[in-house]
Amino acid sequence: MHEPIVTIDMHTAGEPLRIIKSGAPGPVGQTILEKRRWLRENADWVRTSLMWEPRGHADMYGCFITEPERADSDFGAIFLHNEGYSTMCGHAIIALARYAIDEGLAKNSDQIKIDVPAGQVTAAAIAEGGRYIGSEFVNVESFATAFDATVAVPELGKVSYDMAYGGAFYAFVDADSLGIDLTPKQSTDLIQAGKQIKNAIQAIGEPQHPTQGDLSFLYGVIFTSQAHENNHSQRQKHQCPGYGRMPARRERSREVPFPGGAFAWSGGWIAKVAFDQVLHRDIGVRGMEDSSRVYQAVRFDAQRPLS
């Protein structure tokens, strides 16, 4: 009889994170990317057992905790979801900052270093009066690889997009140019368009990471639009990954916090309008640090004081 797999479920403003604590085969490899590859090729049953129904659902997200790759890191993390294994996840890092303090994985709550497939991320668990109130993190370097590129998409015609990286590659598309509003009423249209655009871009070639082939793929499509009835931002963002399997598909629209896409967007936008390398580095890499505090990753015993 196999040892039971023990998990802890957390969330970041509603986005789930199922952390595999024990019972699953430990990934093999020297680097996080090697361990990610080993899991995909040798123990994918763990992902499908925990992410798919009946234990999971179409929007479930998970994480393996591993030994760190770098000498100065506290631990490593490999992300998994309905369709496969992602390379970076902002909402998971926000949750892991809380988890690391609760479980004693990090000595310093202000500098929790985590090795992920995209590189090293530094997070912090924020506390006031001895109680956890949120997390922040400094991401891997964010950069843009294409501006105003075009792709022919069936039913949509020629679509213009920017390509940027924030731990994963995202294509950014102006929804206004397609006549689609970023509202819940048009979520079906957003999902369909996101899937079509992603497939069309992948058909002409995946984006290329400058150093790692395993990071060279398009993770999702993010729609932007001129803000309307929105007092918080000059732009609205709606993310449609366009990946999934039947019958529980993950081609969906997201309105919950999505820090990874925000890093890619901010890094690409700054590079596009300012071409200031210092500004690009500060905003593209650190831009979510303060605002991510409001995305609280809590357990069910959220009021327990930090140890």
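**Close-up views of a predicted model**

**View 1. Cysteine 89 and cysteine 63.** At 7% relative accessibility, cysteine 89 counts as buried, a term that stands for under 20% relative accessible area, with exposed meaning over 50% and partly exposed in between (1.4 Å probe, protein chains only). Cysteine 63 is buried as well, its relative accessible area being 0%. The structure holds zero disulfides, a disulfide being a pair of cysteine sulfur atoms within 2.5 Å. Cysteine 63 takes part in none, and the nearest cysteine sulfur, that of cysteine 89, is 8.7 Å away, which is too far for a bond.

This is a predicted model, in which local features need pLDDT of at least 70 and side-chain atom pairs count only at pLDDT 80 or more, while totals for chains, interfaces and linings use all residues. Residues are numbered from 1 along each chain as its sequence is written, and side-chain values use heavy atoms, with hydrogens and water left out.

**View 2. Helix H5 and the glycine that follows.** Helices (H or I, at least four residues) and strands (E, at least two) are DSSP runs, numbered from the N terminus. The 18 residues of helix H5 (residues 187–204) should span 26 Å at 1.5 Å a residue, and this agrees with its end C-alpha atoms, which are 26 Å apart; the expected span is 1.5 Å times one less than the number of residues. Among the buried residues of H5 are Leu190, Ile197 and Ile201, and also Gln196 and Lys198. Just after H5, glycine 205 adopts a positive phi of about 135 degrees.

**View 3. Aspartate 162 in strand E9.** Aspartate 162 belongs to strand E9 (residues 157–165) and is buried, with a relative accessible area of 18%. A polar atom of the aspartate 162 side chain lies 2.7 Å from the backbone nitrogen of aspartate 148.

Definitions and conventions: A polar contact is a pair of N or O atoms within 3.5 Å; within protein, one must be able to donate a hydrogen and the other to accept it, and residues adjacent in sequence count only if both atoms are side-chain atoms.
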